[in-house]
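Here are my notes on the model, as numbered points. Please read them with the structure open.

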Amino acid sequence: MDSGQWTDLVDSGQWTNLVDSGQWTVNRAHSNRNTNSNADNFASTDFADKNLPTTHYPLPTLICLLLAFASCAREKPVLTSLEPGMANAGEYITIYGKGFGEERGESYITIAGVQPTASSYSVWTDDTITLRLPETGDSGLVYVYKSANKNGGKSNPLIFLSSSGIPRLVRQTRTGAPFIDNTIPADGGFAGTLVTIRGSGFGESRGKRAAGSAVRFTSVGSATSIGSAASVGSAASVDNINGEGFIEPDENSGAYESWKEREIIVRIPDGAQSGGLSVVTEKGESAARPFAVRYQGGGKRVHSKQTYAVSYTVDIQIKKADGGNLYLWVPKPQRTAAQNPHKISASPEPFLEDYSGLTLFKFSGLEGREKKQAYIEALVDVHAFETTIDPAAINTAPPSGPEKKYLEESPLVPSSDTAVKSEAARIIGAERNPYRKALLIYRALIKEYRLHFERQAAGGALAVLQSKTADSYSAALLFCALARAGGVAARPVAGVLIDRENIAHRHFWAQFWLENFGWVPVDIMLGASATPGAWALRADAADYYFGSLDNRRIVFSEGEIEVSKIDREGGRTAVFERGLGLRSIFEEASGALEAWSSVWGEVVVNNAY
């Protein structure tokens with residue numbers, strides 16, 4: 001019996017007659033099945049079997065049970081994507097998802113609060129709706145209502161951008177500043193896919209970021225609110241991009257495919273959102289052009305901004321030198337979908353301010369037993385970051401872009417090891433969906449391994465396979481190794497957790513890649529309730545930390561940063577396990593520097609607000 005029949009039964013008065021006649025009974029025998037179905041939380045019902053022990057309930061109680069059951073029985077529509085994400089009035093758009101119903105009937109959609117006419121719809125199936133945009137349409141949220149009753153039949157929102165309603169930035173630019181004529185595709189694209197930008201004044205080559213050349217996309221952090229949270233895809237002002245509300249493609253991951261005077265080919269960065277894109281060079285920044293960003297199979301949102309003022313040092317004691325050099329590769333807070341480091345200063349003046357996400361200090365002409373110090377301080381905005389994913393709607397293809405390298409073995413991630421491949425096969429079994437593979441690995445690590453927040457014995461992923469004991473460093477590396485062995489691109493992340501007393505603790509977690517969706521975070525330690533002492537643990541930690549992160553952390557590296565020696569012939573390098581950030585070189589000595597010692601200090605939280 002569906003919810004409509006329940007309602008008719010109550011409205012017609014047949015319900016009262018049924019109870020009064022003694023034909024309705026509620027069975028005391030509850031279902032023992034272990035399932036997520038809400039129906040199993042109710043006592044089972046029976047009209048015919050009079051041999052079962054029964055209890056008669058008062059009419060008001062039964063009506064409440066009835067209405068609750070009817071509410072649970074109603075399936076809400078789920079929206080997964082909207083194509084195109086930006087269009088003009090009178091053009092057609094298609095909404096994808098599930099639970100729409102095979103026929104429209106009294107169901108309908110709204111766009112920015114406007115309900116299209118019945119003649120606007122050309123296709124309505126359970127997973128697809130195609131319609132013509134109303135002439136009075138504006139940018140805003142799209143909802144599907146499964147029936148005329150808005151209570152319970154309302155879907156999650158998606159953002160639609162009206163091309164005519166998006167403001168264009170008008171401002172004076174210097175002669176020779178870049179100008180964007182058009183983009184291909186014109187209406188936007190999925191995160192991680194290529195976009196071609198055509199115009200003029202881009203320069204014949206991009207050069208290094210320090211020279212000022214980059215493409216900027218509106219970032220999730222500058223989105224407007226949906227409820228209490230900002231969402232990737234929500235309608236941010238295009239001119240936010242010309243302030244701090246932007247994100248740039250990662251130059252170290254190969255995101256820039258081509259850069260010419262009149263054409264740029266670049267990948268849409270994970271963490272970009274619908275709004276605008278611009279090109280910036282040493283001659284200025286272009287006006288922002290409207291551009292929609294989509295995430296296949298779900299969405300991402302940030303909320304609850306927390307700002308941290310942090311500092312950290314590296315202290316050096318020269319023990320024996322006669323004019324040698326010492327280079328320090330020091331990580332700095334990274335710009336991510338949920339993190340914006342908007343003030344970073346360093347002392348002494350760096351040799352290279354930004355190289356692959358690192359600051360390079362050079363101490364030269366070292367003599368005797370002198371002391372040196374490198375110091376960095378930063379102001380960092382951090383948001384809580386959450387994903388919503390429908391595993392059945394994701395793109396299950398492997399990475400097509402530079403993320404392909406995270407399927408391969410690396411010095412820290414031994415995914416080709418026989419023991420790792422055997423363990424991955426045992427955990428994953430016959431599963432083929434990359435999201436579900438990652439979830440199986442996450443759950444296995446939480447349930448089958450002994451996880452401790454405190455640092456454990458030296459060693460990485462292979463050591464954990466033998467001991468079944470891990471800290472955040474080795475657990476993150478093992479997750480990545482198992483994921484890669486199972487065909488899922490994954491990378492480790494290094495940073496710090498900041499507890500309730502504002503003490504920073506070195507910490508490691510992981511991310512895995514979904515094509516057309518981007519990176520999904522996984523924190524094995526917190527998911528297993530292994531935390532520093534002064535930590536407010538969520539009741540739903542095991543579920544939350546697969547796909548979401550809190551705002552009490554700072555990212556210093558995503559993946560393993562590869563740097564080359566400065567002195568390729570005579571340089572002597574040092575690498576530290578479980579250090580602040582993951583990179584191939586921490587220190588390099590050259591020339592007549594024979595002996596030194598170093599202390600890499602912990603991150604100090606000077607203020608939080």
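1. Both F586 and W600 are buried, where buried means under 20% relative accessible area, exposed over 50% and partly exposed in between, with a 1.4 Å probe and protein chains only. This is a predicted model: local features need pLDDT of at least 70, side-chain atom pairs count only at pLDDT 80 or more, and totals for chains, interfaces and linings use all residues. Residues are numbered from 1 along each chain as its sequence is written, and side-chain values use heavy atoms, leaving out hydrogens and water.

2. The structure holds 20 aromatic pairs. Rings of Phe, Tyr and Trp (its six-membered ring) pair if their centres lie within 6.5 Å; planes under 30 degrees apart count as stacked, over 60 as edge-to-face and the rest as tilted. F586 and W600 form an edge-to-face pair, 5.5 Å centre to centre with 75° between the planes. F586 lies in the loop between β36 (572-574) and β37 (587-590), and W600 in strand β38 (residues 593-600), so the pair ties together parts 14 residues apart in sequence. Strands (E, at least two residues) and helices (H or I, at least four) are DSSP runs, numbered from the N terminus.

3. Ring pairs also link Y435, Y442, F512 and F546 into a cluster.

4. Two arginines deserve a look. The charged end of R216 sits over the ring of F246, 3.9 Å from its centre. The charged end of R538 sits over the ring of Y544, at 3.6 Å from the centre. The criterion: NZ of Lys or CZ of Arg within 6 Å of the ring centre and within 35 degrees of the ring normal.

5. Which strands make up the open sheet with antiparallel pairing? Its 4 strands have the order β12-β14-β20-β19; two strands pair if DSSP finds at least two bridges between them. β12 (179-184) and β19 (256-259) stand at the edges with a single partner strand each, so one side of each has no neighbour in the sheet. β19 and β20 (residues 263-267) run antiparallel, joined by 3 bridges. W259 has I264 in β20 as its bridge partner.

6. Another open sheet has 4 strands in the order β5-β11-β10-β7, with mixed pairing. Here β5 (86-87) and β7 (108-111) stand at the edges, each with a single partner strand, so one side of each is left without a neighbour in the sheet. Strands β10 (residues 140-145) and β11 (residues 158-162) run antiparallel and are joined by 3 bridges. G140 has F160 in β11 as its bridge partner.
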